[in-house]
Amino acid sequence: MNQKLFHLSKRKELPWYGAWGIRLAAIAIALVVCGFVTTAMTGENPVAIYETMWAGAFGTNRRLWNTLQYLALLLCVSLAVTPAFRMKFWNVGGEGQILVGGLATAACMILLGDKVPNYILIPIMLACALVAGGVWGAIPAFFKAKWNTNETLFTLMMNYVATQLVAYFVIVWEVPKGSGKIGIINQSGWLPVVGGQKYMLTVLVVAILTGLVYIYLNWTKHGYEISVVGESVNTARYVGIKVDWVIIRTMLLSGALCGLA
């Protein structure tokens, strides 16, 4: 007899409260397990450690906004790689794309900072960061689309190239010479302060960006094409989707959002 003892089938989509219940339960279990490990390894009270961590992140208004800023930046990076990941393009080059975006921004600050007013300079900085990050992401995408290179290794190696480029220009721009630092270019800050908090602008921009990326991936033609390419390249080609262009276009977007970070 050749009977199947088990039959596997894809589970239907959970209701939102079920999905969030699983997430919250996972977090609670992780905290409990970490507490046991902490006690076993250090003998410290895990509750006291969690209280210290909470106070360090949210204990004062300044700490709260610092935490929100870091959270927003990390969310921005995760948003940047999401389109590529949905396409099954494993972009692990976010670090390099962020670095070249920062390098382009710093170049604008150093070369144009005393030549044009801020209301002109800031859009230039933003455009250069987006273009630099987008180009850095499009390079491995082009090779993937044309010659099916391994995107994981390619984007990873691009991180090292970006690191060396930044190190080189730090030496070129360092102040004072030999310090290995370029210092603070503008002590008073570049971006406008919103609501009395200098990090509010970052949080608001990333919050808006989150909604836009969600709409882009779920409610636009581009988002549909990304999903189809991620599911099956052959199917995408069969229905007339230009797979090579979708790969390059998506990585341009992914790299540009990293540059924005």
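Angles under 35 degrees count as roughly parallel, over 145 as roughly antiparallel, 65 to 115 as roughly perpendicular, and the rest as oblique. The model is predicted, so local features need pLDDT of at least 70 and side-chain atom pairs count only at pLDDT 80 or more, while totals for chains, interfaces and linings use all residues. Residues are numbered from 1 along each chain as its sequence is written, and side-chain values use heavy atoms, with hydrogens and water left out.

**α1 and α2**

- Helix α1 (residues 16-42) and helix α2 (residues 46-58) pack at about 115° with their axes 9 Å apart (axes are lines fitted to C-alpha atoms, for helices over the stretch in contact, and angles run from 0 to 180 degrees between N-to-C directions).
- The two helices, α1 and α2, are therefore roughly perpendicular to each other.
- On the α1 side, L31, C34, G35, T38 and T39 meet P46, I49 and Y50 of α2, where contact means heavy atoms within 4.5 Å.
- By class, this contact of α1 with α2 has five nonpolar, three polar and no charged residues (Ala, Val, Leu, Ile, Met, Phe, Trp, Tyr, Cys and Pro count as nonpolar, Asp, Glu, Lys and Arg as charged, and the others, Gly among them, as polar).
- Helices here are DSSP runs (H or I, at least four residues), numbered from the N terminus.

**α3 and α7**

- The axes of helix α3 (residues 61-86) and helix α7 (residues 200-219) come within 9 Å and cross at roughly 20°, so α3 and α7 are roughly parallel.
- Here α3 passes α7 in a left-handed crossing.
- Contact residues include W65, L68 and R86 of α3, and M200, V213 and N218 of α7.
- The contact of α3 with α7 has 14 nonpolar, four polar and one charged residues.

**α4 and α5**

- Helix α4 (residues 94-112) and α5 have axes that come within 8 Å and cross at roughly 150°, which makes α4 roughly antiparallel to α5.
- The crossing of α4 past α5 is right-handed.
- Among the residues that meet are G96, G101 and A104 in α4, and A129, A132 and G133 in α5.
- The α4 contact with α5 has 12 nonpolar, six polar and no charged residues.

**The second largest pocket**

- The second largest pocket has a volume of about 180 Å³ (a pocket is an open set of points on a 1 Å grid over the protein atoms alone, where a 1.4 Å probe fits, with protein on both sides within 12 Å along at least five of seven lines; a volume is the space filled by probe spheres set on the points).
- Its lining has 13 residues, of which K144, N148, V233, V243 and I247 lie nearest the centre; lining residues have an atom within 4 Å of a point.
- α10 gives the most to this lining, with three residues.
- By class, the lining of the second largest pocket has seven nonpolar, two polar and four charged residues.

Note on methods:
Left-handed = near helix turned anticlockwise from the far one by under 90°.
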